[in-house]
Amino acid sequence: MSNASSTQVKIVTADPSGIGLFGLAIVTLVASSQKLGLTEGLSLVIPWAIFLGAFAQLFASMLDAKHNNTFGMTAFGAYAFFWFATAASWLTNMGVFGEELAGAADGRQLGFAFAGYLIFSVLMTIGAMETHKVLFFIFVLIDLLFLGLTLDAFGIAPHVFHTLAAYAEMGIGLLSLYGAGAAVLNTHFGRTFLPVGRAFGIFKK
């Protein structure tokens, strides 16, 4: 009687943080240009929201799930679905799904969604403290973005908080580009080519 043998196969997948951060960078750069008044309208923001903000981050989320990276999977996935919903909301307001839906839109509902994302982002900021400092500061800017979006949606000092959201979003785009470059080049060269800063080491060693 022969003994049964088993073989374990290890499947190695690349770190998806580079493409995820790149998607975040591009969509926030494009969206912030509209908020800051550098460009006009949302017609050409929507495709970038769907394909870079949503699909690129969703792809990164699924790969992080294969890495058993709960933090990366949850963060990239949550923001991917944010951009799907944001694009759909813009299309609704523009009347793509009919004038009846556009006329019945209540922007305060977005305020509640933004508030939920603000709370979520603050929690993710705590997690980012134990990843590296570039990611931590990206999340701090995301916190400021959602703070601005929330208060603007509820009509609280809209000019002030719309401007806060716009500049925070531009900052997210620029810092995420650096983070994407660091994720790719540090791995590619096998050394610290672009420094990202050590984790704070407060919550875990």
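A helix here is a DSSP run of H or I that is at least four residues long, and helices are numbered from the N terminus. By that rule, Thr163 has its place in helix H7 of this predicted model. Thr163 is partly exposed, because its relative accessible area is 27%, which falls between the 20% limit for buried and the 50% limit for exposed. Lys133 comes 30 residues away from Thr163 along the chain. The C-alpha atoms of these two residues are separated by 25 Å.

The chain as a whole is helical in its secondary structure. It holds seven helices and zero strands. Read along the sequence, the pattern is α-α-α-α-α-α-α. The C-alpha trace spans about 75 × 45 × 30 Å along its principal axes. The chain has 205 residues, and 40% of them count as buried. Among contacts with a separation of 6 or more, 70% join residues 24 or more positions apart.

An unreviewed UniProt entry lists several stretches as "transmembrane region". In the model, residues 44–63 are 90% helix and 0% strand. The end C-alpha atoms of that span are 28 Å apart. Residues 70–90 are 100% helix and 0% strand, with their end C-alpha atoms 30 Å apart.

The packing of two helices can be described in simple terms. Two numbers are used, the angle between the axes and the distance between them. Helix H3 covers residues 70–93, and helix H6 covers residues 133–153. These helices pack at an angle of about 35 degrees, and their axes are 14 Å apart. The crossing of H3 past H6 is left-handed. On the H3 side, Phe71, Ala75, Tyr79 and Phe82 make the contact. On the H6 side, the contact is made by Leu135, Phe139, Ile142 and Phe146. By class, this contact has eight nonpolar residues, with no polar and no charged ones.

Which residues does Trp83 contact, leaving aside its neighbours within four places in sequence? The partners are Val27, Thr28, Ala31, Ala49, Gly53, Ala54, Gln57, Trp90 and Glu169.

Ser61 lies in helix H2. Is Ser61 buried or exposed? Ser61 counts as buried because its relative accessibility is 6%, and the limit for buried is under 20%. Leaving aside neighbours within four places in sequence, Ser61 is in contact with Met73, Phe76 and Gly77.

Most residues other than glycine have a negative phi. Asn68 is not a glycine, yet its phi is positive, at about 60 degrees. Asn68 lies in the loop between H2 and H3. With a relative accessible area of 67%, Asn68 is exposed. Ala157 is not a glycine either, and it has a positive phi of about 40 degrees. Ala157 is found in the loop between H6 and H7. Ala157 is partly exposed, with a relative accessible area of 38%.

Technical notes: Residues are numbered from 1 along each chain as its sequence is written. This is a predicted model: local features need pLDDT of at least 70, side-chain atom pairs count only at pLDDT 80 or more; totals for chains, interfaces and linings use all residues. Side-chain values use heavy atoms; hydrogens and water are left out. Axes are lines fitted to C-alpha atoms, for helices over the stretch in contact, and angles run from 0 to 180 degrees between N-to-C directions. Helices (H or I, at least four residues) and strands (E, at least two) are DSSP runs, numbered from the N terminus. A crossing is left-handed if the near helix is turned anticlockwise from the far one by less than a right angle, and right-handed if clockwise. Contact means heavy atoms within 4.5 Å. Ala, Val, Leu, Ile, Met, Phe, Trp, Tyr, Cys and Pro count as nonpolar, Asp, Glu, Lys and Arg as charged, and the others, Gly among them, as polar. UniProt positions are given in the numbering used here, feature names are shortened, and annotations may be inferred rather than shown by experiment. Buried means under 20% relative accessible area, exposed over 50%, partly exposed in between (1.4 Å probe, protein chains only).
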